[in-house]
Amino acid sequence: MTMSRSLRIAMTLGVAVMVAACSSTATTAPAAKKAYKDMTVGFIQTGSESGWRAANTSSFKETATADGITLKFYDSQNKIENQITAFNQYIQDPAVNVIVLAAVGTTGYDDVLKAAKAAHKVVVIEDRRIEADASLYYTYIGSDFIKEGHEGEAAMCDLLKGKATANVIEIGGDQAASAAIDRHKGFAEALPNCTTTAMTVLDYQNAPGWDPVQGKSIMEAFLKKYTGKIDAVMGHNDELSIAAIQAIDASGLKAGKDVQVIGFDATADGFKYLINGELGADIECNPLLAPQVYKAALDALNGVTGQQAWTPSQEGQFFAAQGATALQAILATRKY
Ligand code: AHR
């Protein structure tokens with residue numbers, strides 16, 4: 001029995017259609033979802049300039065261990081040029097699929113960000129904002145330092161109640177850092193909000209690399225230059241505020257009485273000075289950012305889009321006025 005020619009053609013076509021269908025479904029099978037064990041993170045840290053920074057570094061190391069993430073850690077010694085070197089190193093490293101940056105400065109990262117993008121590395125900015133187009137990184141997770149500056153001003157206004165006018169000294173963090181730039185800006189722009197005391201920033205100087213030793217020398221010089229004129233001090237982090245307190249006490253004045261002092265970070269050391277009353281207020285800056293950063297990086301690896309450009313950190317404020325007992329109870333619950 002001979003099969004008609006058209007039937008043979010139809011059957012051949014039928015087989016061809018089936019083969020095509022099989023192969024197309026084969027090519028579009030969804031890629032397996034990535035998990036934390038698939039992440040190798042190149043973490044470019046600023047350095048080790050403060051208790052806050054140590055807590056931030058621990059957050060990344062401990063969370064990586066807990067989640068089974070491979071972490072390559074780079075201490076930039078607070079130098080931007082080292083951060084560029086580290087970026088290029090991780091871009092060249094085939095094992096690295098995620099780069100996390102805690103930026104020493106705000107500018108100078110465009111080229112490495114573009115190179116990382118071209119190399120299909122996920123980049124997440126943590127802690128400090130940078131001035132680069134948001135399309136050059138997946139997301140930024142970090143503090144609203146301007147808001148912290150506003151909160152610092154409000155706390156200082158409260159501490160100076162009863163004084164018609166007050167002179168404030170500002171000991172700044174590293175001048176390249178967005179944390180210092182924005183805390184300074186936030187504090188200055190909020191000064192008019194204080195209706196009970198006309199506050200003036202008498203003088204402002206940055207301590208390179210957030211170095212408390214230089215912070216203390218700066219305060220000692222200001223105490224000489226403005227003898228009897230200083231009513232308050234704003235230090236850009238706990239170490240700089242504590243350095244100022246030590247200089248004030250060494251000059252024969254009493255911090256928390258003759259001179260009001262506020263700080264930023266709210267580390268365990270900051271709490272110690274809140275509890276003894278020498279630090280009047282401490283505006284929290286949250287260092288425990290690793291879980292959010294790793295989650296965002298994993299989302300990026302799994303092609304999740306529509307992510308927020310910036311996720312501000314959750315932060316609080318603490319005051320000597322809360323009293324030693326209450327502050328000790330809070331301190332006992334904190335990780336840093
Ligand atoms: O970016 C956060 C700042 O960096 C902290 O306030 C300071 O302690 C650290 O150096």
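## Gln-214

Helix α7, which spans residues 212-225, contains Gln-214. The model described here is predicted. Gln-214 has a relative accessible area of 34%, and a residue counts as buried under 20% and as exposed over 50%. Gln-214 is therefore classed as partly exposed.

In sequence, Gln-214 is 89 residues away from Gly-303. In space, the C-alpha atoms of Gln-214 and Gly-303 are 46 Å apart.

## Nonpolar cores

The largest nonpolar core has 55 residues. Within this core, the residues that touch the most other members are Phe-87, Ile-99, Met-219, Ile-230 and Val-233. Helix α8 (residues 238-250) supplies the largest share of the core, with six residues.

Which residues does Phe-87 contact, leaving aside its neighbours within four places in sequence? They are Ile-44, Ile-99, Leu-101, Val-112, Leu-113, Ala-116 and Val-123. Another core, of 22 residues, lies apart from the largest one. Its members include Ala-64, Ile-69, Val-293 and Tyr-294.

## The ligand

The ligand has these residues around it: Glu-49, Ser-50, Trp-52, Arg-53, Asp-127, Arg-128, Phe-145, Ala-179, Arg-183, Trp-210, Asn-237 and Asp-265.

Glu-49 has a polar side-chain atom 2.6 Å from a ligand oxygen atom. For Ser-50, a side-chain N or O atom is 3.0 Å from an oxygen atom of the ligand. For Asp-265, the distance from a side-chain N or O atom to an oxygen atom of the ligand is 2.5 Å. How much of the area that the ligand exposes when taken alone does the protein bury? That area is 280 Å², and the protein buries 100% of it.

Methods:
Residues numbered from 1 in each chain as written. Predicted model: local features only at pLDDT ≥ 70, side-chain atom pairs only at ≥ 80, totals over all residues. Heavy atoms only, no water. Core = buried A, V, L, I, M, F, W, Y, C linked by side-chain atoms within 4.5 Å. Buried < 20%, exposed > 50% of the residue type's maximum accessible area, 1.4 Å probe, protein only. Helix = DSSP H or I, 4+ residues; strand = E, 2+ residues; numbered from the N terminus. Contact = heavy atoms within 4.5 Å. Near = heavy atom within 4 Å. Polar contact = N/O pair within 3.5 Å; in protein donor to acceptor, adjacent residues only side chain to side chain. Areas by Shrake-Rupley, 256 points an atom, 1.4 Å probe, with all protein chains shown as cover.
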